[in-house]
Amino acid sequence: FRVSYEATSVPTLLTRRLSAINNMSFALRCTFRAAIAHARPLTHARAFRAHGAPRITRTMASAASNEPPLSNITVKDLQELLEVADDDVVFVDVRERDEWDAGHLPRFELKALSAAGEWLPTMQKEIKPDAKVVVMCKLGGRSMRASEALVQMGFTNVKNVVGGYEGYKTDIGA
(Lines give C-alpha, C1' and ligand atoms only; values in the text may rest on other atoms or scores of the structure.)
Protein backbone atom coordinates (compact mmCIF):
# COMPACT_ATOMS: atom_id res chain seq x y z
CA PHE A 1 0.00 0.00 0.00
CA ARG A 2 1.13 3.51 -0.66
CA VAL A 3 0.69 6.52 1.50
CA SER A 4 0.91 9.93 -0.06
CA TYR A 5 3.16 12.32 1.84
CA GLU A 6 1.33 15.50 1.05
CA ALA A 7 0.81 18.05 3.71
CA THR A 8 -0.43 15.66 6.39
CA SER A 9 0.64 15.46 9.94
CA VAL A 10 2.57 12.51 11.40
CA PRO A 11 -0.32 11.43 13.65
CA THR A 12 -2.64 11.37 10.61
CA LEU A 13 -0.14 9.27 8.66
CA LEU A 14 0.19 6.83 11.56
CA THR A 15 -3.57 6.57 11.89
CA ARG A 16 -3.93 5.82 8.18
CA ARG A 17 -1.11 3.27 8.30
CA LEU A 18 -2.63 1.51 11.34
CA SER A 19 -6.03 1.48 9.68
CA ALA A 20 -4.55 -0.12 6.55
CA ILE A 21 -2.73 -2.73 8.68
CA ASN A 22 -5.90 -3.53 10.60
CA ASN A 23 -7.83 -3.99 7.34
CA MET A 24 -5.15 -6.34 5.97
CA SER A 25 -5.04 -8.24 9.26
CA PHE A 26 -8.81 -8.70 9.20
CA ALA A 27 -8.68 -9.90 5.58
CA LEU A 28 -5.94 -12.43 6.44
CA ARG A 29 -7.89 -13.72 9.43
CA CYS A 30 -10.99 -14.20 7.27
CA THR A 31 -8.98 -15.98 4.58
CA PHE A 32 -7.34 -18.24 7.17
CA ARG A 33 -10.71 -19.11 8.74
CA ALA A 34 -12.18 -19.87 5.32
CA ALA A 35 -9.23 -22.09 4.44
CA ILE A 36 -9.62 -24.05 7.67
CA ALA A 37 -13.37 -24.39 7.18
CA HIS A 38 -12.90 -25.87 3.70
CA ALA A 39 -9.84 -28.03 4.43
CA ARG A 40 -10.27 -31.75 3.84
CA PRO A 41 -9.15 -34.10 6.60
CA LEU A 42 -6.10 -36.19 5.73
CA THR A 43 -7.42 -39.64 4.92
CA HIS A 44 -5.23 -42.70 5.05
CA ALA A 45 -5.27 -43.05 1.29
CA ARG A 46 -4.12 -39.44 0.87
CA ALA A 47 -1.48 -39.98 3.57
CA PHE A 48 -0.08 -43.00 1.70
CA ARG A 49 -0.08 -41.07 -1.58
CA ALA A 50 1.85 -38.32 0.21
CA HIS A 51 4.60 -40.91 0.70
CA GLY A 52 4.84 -41.53 -3.03
CA ALA A 53 2.16 -44.18 -3.54
CA PRO A 54 0.37 -43.71 -6.86
CA ARG A 55 -3.31 -42.89 -7.04
CA ILE A 56 -5.09 -45.70 -8.81
CA THR A 57 -8.82 -45.58 -9.29
CA ARG A 58 -11.14 -48.50 -8.68
CA THR A 59 -11.97 -48.67 -12.37
CA MET A 60 -8.32 -49.07 -13.28
CA ALA A 61 -7.68 -51.55 -10.49
CA SER A 62 -10.61 -53.84 -11.26
CA ALA A 63 -10.73 -53.47 -15.04
CA ALA A 64 -10.13 -57.18 -15.65
CA SER A 65 -12.80 -58.36 -13.21
CA ASN A 66 -16.33 -57.51 -12.15
CA GLU A 67 -15.46 -58.43 -8.58
CA PRO A 68 -14.76 -55.46 -6.28
CA PRO A 69 -11.07 -55.06 -5.45
CA LEU A 70 -11.83 -54.99 -1.70
CA SER A 71 -14.24 -57.19 0.21
CA ASN A 72 -14.80 -58.24 3.80
CA ILE A 73 -14.58 -61.83 4.98
CA THR A 74 -15.65 -63.34 8.29
CA VAL A 75 -13.40 -65.26 10.64
CA LYS A 76 -15.18 -68.47 9.48
CA ASP A 77 -14.20 -67.62 5.90
CA LEU A 78 -10.65 -66.99 7.10
CA GLN A 79 -10.53 -70.40 8.79
CA GLU A 80 -11.56 -72.11 5.54
CA LEU A 81 -9.09 -70.02 3.56
CA LEU A 82 -6.23 -70.92 5.90
CA GLU A 83 -7.02 -74.61 5.38
CA VAL A 84 -7.25 -74.59 1.59
CA ALA A 85 -5.20 -71.60 0.41
CA ASP A 86 -2.15 -72.18 -1.71
CA ASP A 87 1.14 -70.33 -1.45
CA ASP A 88 -0.06 -67.56 -3.77
CA VAL A 89 -2.30 -66.10 -1.06
CA VAL A 90 -0.57 -63.41 1.01
CA PHE A 91 -1.63 -63.10 4.66
CA VAL A 92 -0.81 -59.77 6.35
CA ASP A 93 -1.29 -58.89 10.04
CA VAL A 94 -1.14 -55.11 10.54
CA ARG A 95 -1.10 -55.13 14.35
CA GLU A 96 1.85 -53.86 16.35
CA ARG A 97 4.74 -56.08 17.50
CA ASP A 98 3.49 -56.41 21.10
CA GLU A 99 0.04 -57.55 19.89
CA TRP A 100 1.70 -60.01 17.51
CA ASP A 101 3.91 -61.40 20.28
CA ALA A 102 0.82 -61.96 22.45
CA GLY A 103 -0.59 -64.27 19.76
CA HIS A 104 -0.89 -64.65 16.01
CA LEU A 105 -2.20 -67.01 13.37
CA PRO A 106 -0.02 -69.24 11.19
CA ARG A 107 0.85 -68.03 7.68
CA PHE A 108 0.35 -64.36 8.60
CA GLU A 109 3.26 -61.94 8.24
CA LEU A 110 3.59 -59.02 10.63
CA LYS A 111 3.49 -55.71 8.77
CA ALA A 112 2.47 -53.06 11.29
CA LEU A 113 0.18 -50.35 9.96
CA SER A 114 2.34 -47.78 11.74
CA ALA A 115 5.21 -48.77 9.42
CA ALA A 116 3.11 -48.97 6.24
CA GLY A 117 5.23 -46.33 4.53
CA GLU A 118 8.10 -48.84 4.58
CA TRP A 119 6.38 -52.09 3.59
CA LEU A 120 3.71 -50.90 1.13
CA PRO A 121 6.14 -49.92 -1.67
CA THR A 122 8.08 -53.15 -1.14
CA MET A 123 4.89 -55.18 -1.29
CA GLN A 124 3.90 -53.44 -4.49
CA LYS A 125 7.18 -54.53 -6.11
CA GLU A 126 7.19 -58.12 -4.80
CA ILE A 127 3.56 -59.20 -5.21
CA LYS A 128 1.42 -59.34 -8.34
CA PRO A 129 -1.46 -56.85 -8.27
CA ASP A 130 -4.02 -59.63 -8.81
CA ALA A 131 -2.73 -61.85 -5.97
CA LYS A 132 -5.17 -62.53 -3.15
CA VAL A 133 -4.12 -60.48 -0.10
CA VAL A 134 -5.83 -61.17 3.23
CA VAL A 135 -5.40 -58.40 5.80
CA MET A 136 -6.11 -58.76 9.53
CA CYS A 137 -5.66 -56.70 12.69
CA LYS A 138 -7.09 -56.92 16.19
CA LEU A 139 -10.72 -56.06 15.37
CA GLY A 140 -10.88 -54.99 11.71
CA GLY A 141 -10.41 -51.20 11.68
CA ARG A 142 -6.69 -50.97 10.98
CA SER A 143 -6.89 -53.82 8.49
CA MET A 144 -9.59 -51.92 6.59
CA ARG A 145 -7.33 -48.86 6.35
CA ALA A 146 -4.44 -51.02 5.15
CA SER A 147 -6.73 -52.80 2.68
CA GLU A 148 -7.90 -49.49 1.26
CA ALA A 149 -4.29 -48.41 0.85
CA LEU A 150 -3.48 -51.67 -0.97
CA VAL A 151 -6.40 -51.10 -3.36
CA GLN A 152 -5.18 -47.54 -3.95
CA MET A 153 -1.80 -49.00 -4.88
CA GLY A 154 -3.38 -51.26 -7.50
CA PHE A 155 -4.11 -54.55 -5.73
CA THR A 156 -7.34 -56.03 -7.10
CA ASN A 157 -8.11 -58.93 -4.75
CA VAL A 158 -7.89 -57.67 -1.17
CA LYS A 159 -9.81 -59.31 1.68
CA ASN A 160 -10.33 -57.59 5.04
CA VAL A 161 -11.01 -59.89 8.02
CA VAL A 162 -13.98 -58.48 9.94
CA GLY A 163 -13.56 -59.18 13.64
CA GLY A 164 -9.81 -59.60 13.30
CA TYR A 165 -7.64 -61.69 15.56
CA GLU A 166 -9.94 -61.20 18.57
CA GLY A 167 -12.94 -62.47 16.57
CA TYR A 168 -10.95 -65.45 15.36
CA LYS A 169 -9.80 -66.24 18.87
CA THR A 170 -13.35 -65.96 20.24
CA ASP A 171 -15.25 -67.80 17.45
CA ILE A 172 -12.68 -70.34 16.27
CA GLY A 173 -10.04 -70.48 18.99
CA ALA A 174 -6.41 -69.70 18.34
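Guide: A search of the whole structure finds one aromatic pair, where rings of Phe, Tyr and Trp (its six-membered ring) pair if their centres lie within 6.5 Å, counted as stacked with planes under 30 degrees apart, edge-to-face over 60 and tilted for the rest. This is a predicted model, in which local features need pLDDT of at least 70 and side-chain atom pairs count only at pLDDT 80 or more, while totals for chains, interfaces and linings use all residues. Residues are numbered from 1 along each chain as its sequence is written, and side-chain values use heavy atoms, without hydrogens and water.

The part to look at is helix α8, residues 164-171. Helices are DSSP runs of H or I with at least four residues, strands are runs of E with at least two, and both are numbered from the N terminus. In α8, the buried residues are G164, Y165, G167 and Y168; buried means under 20% relative accessible area, exposed over 50% and partly exposed in between, with a 1.4 Å probe and protein chains only. These residues cover an arc of only 160° around the axis, so they lie on the same side of α8; the arc is taken from the directions from the helix axis to the C-beta atoms. They pack against α4 (75-84), β4 (133-136) and β5 (158-161), with contact meaning heavy atoms within 4.5 Å.

Just after α8, G173 takes a positive phi of about 95°.
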